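Visitor: I would like to go through the aromatic rings and the terms used for them. Please show me the model.

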Amino acid sequence: MSTAPGRRSLLGWGLGMGLAGALPGCASAPTAVVSLPNTRQIDTKMADGRVRRIFVLLPQTPAPPQGHAVLYLLDGNAMFPFAAQLARMRAGRPDAATAASLVVVGIGYPTDALYDMSARARDLTPPALPPGSDAPNEGGADLLLDDIAQQIRPMVERIVQTDPARQTLCGHSYGGLFTLHTLFTRPAMFTRYVAASPSVWWRQHAILATRDRWLAQQRAGTGAATGELLVTVGSLEQQALIPARAALVRERRMVDGARELAASLQGVAGWPVRFQLYDGEDHGGAMVPAVAQAVLMAQRSGPPQ
């Protein structure tokens, strides 16, 4: 495991590479990669030998008696920088005292790319039903959940004091599917869930069978955990912007699938559910307002809304 505190280069975007020479009027000079204050980047080996890159934003204020609130983000290489900057800006506002101090944790991969497509397909998809019918390189969500519970979360808690009652999980696309799988199979792991543009269509809507088992437990009174769920999607996600993708877009029904899933969970005691449609946003664009809402949700004090 390697780590460095303080100002740390994130993602190796290389924003400064050759910039001085490229801009008119700028003298050629050595440049530095953009970094974010109060962050750490940690490459750590999991129990199965895989290396995960963990990004951590630390609050600038001391922890309250109960600890800091925490926001965990999937696809951390892509989502962490935006969430971290937003949390930092909110912490500097005059009304910052009304929001909880926030630790932001991005769960990603040891690469400079925004996404490791093969690894996320493996990590963010649930085990197939029936067991053993997984496609190659899919179905590893429970292994990632084990990593979070047994290694990633304890590591974060060794770095900074956190509040177990304010733990938020946010994921987009496959990450939204993973977020729903976590809620339906290990609801006590987090208290707040944000499923952004969830891939409800995956494997012939297999997540709906998992949902049905969770609903049966809740209605039978055997589900002890309580929390809240926000489901989001962009209004353009069900429109084929490229004609060649029209059939796929119709099949996946991203907007209808997200809306129908959220509606099916209404009225479950102890689990308020909200649905948010982002007008004018496509699949990629809908990630940004979802992460912004996740930061607000994670920082909010008080009971679920």
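**Aromatic pairs**

Guide: There are 7 aromatic pairs, where rings of Phe, Tyr and Trp (its six-membered ring) pair if their centres lie within 6.5 Å. This is a predicted model, in which local features need pLDDT of at least 70 and side-chain atom pairs count only at pLDDT 80 or more, while totals for chains, interfaces and linings use all residues. Residues are numbered from 1 along each chain as its sequence is written, and side-chain values use heavy atoms, with hydrogens and water left out.

Visitor: Why is the pair of Phe55 and Phe80 called stacked?

Guide: Planes under 30 degrees apart count as stacked, over 60 as edge-to-face and the rest as tilted. The ring centres of Phe55 and Phe80 are 5.5 Å apart and the planes stand at 25°, so the pair is stacked.

Visitor: What makes Phe184 and Trp214 a tilted pair?

Guide: Their planes are at 45°, with 5.5 Å centre to centre.

Visitor: How do you know whether Phe184 is buried or exposed?

Guide: Buried means under 20% relative accessible area, exposed over 50%, partly exposed in between (1.4 Å probe, protein chains only). Phe184 has 5%, so Phe184 is buried. Trp214, at 2%, therefore counts as buried too.

Visitor: Which charged end sits over the ring of Phe190?

Guide: That of Arg153, 4.8 Å from the ring centre. The rule asks for NZ of Lys or CZ of Arg within 6 Å of the ring centre and within 35 degrees of the ring normal. Arg252 lies over the face of Trp201, 3.7 Å from the ring centre.
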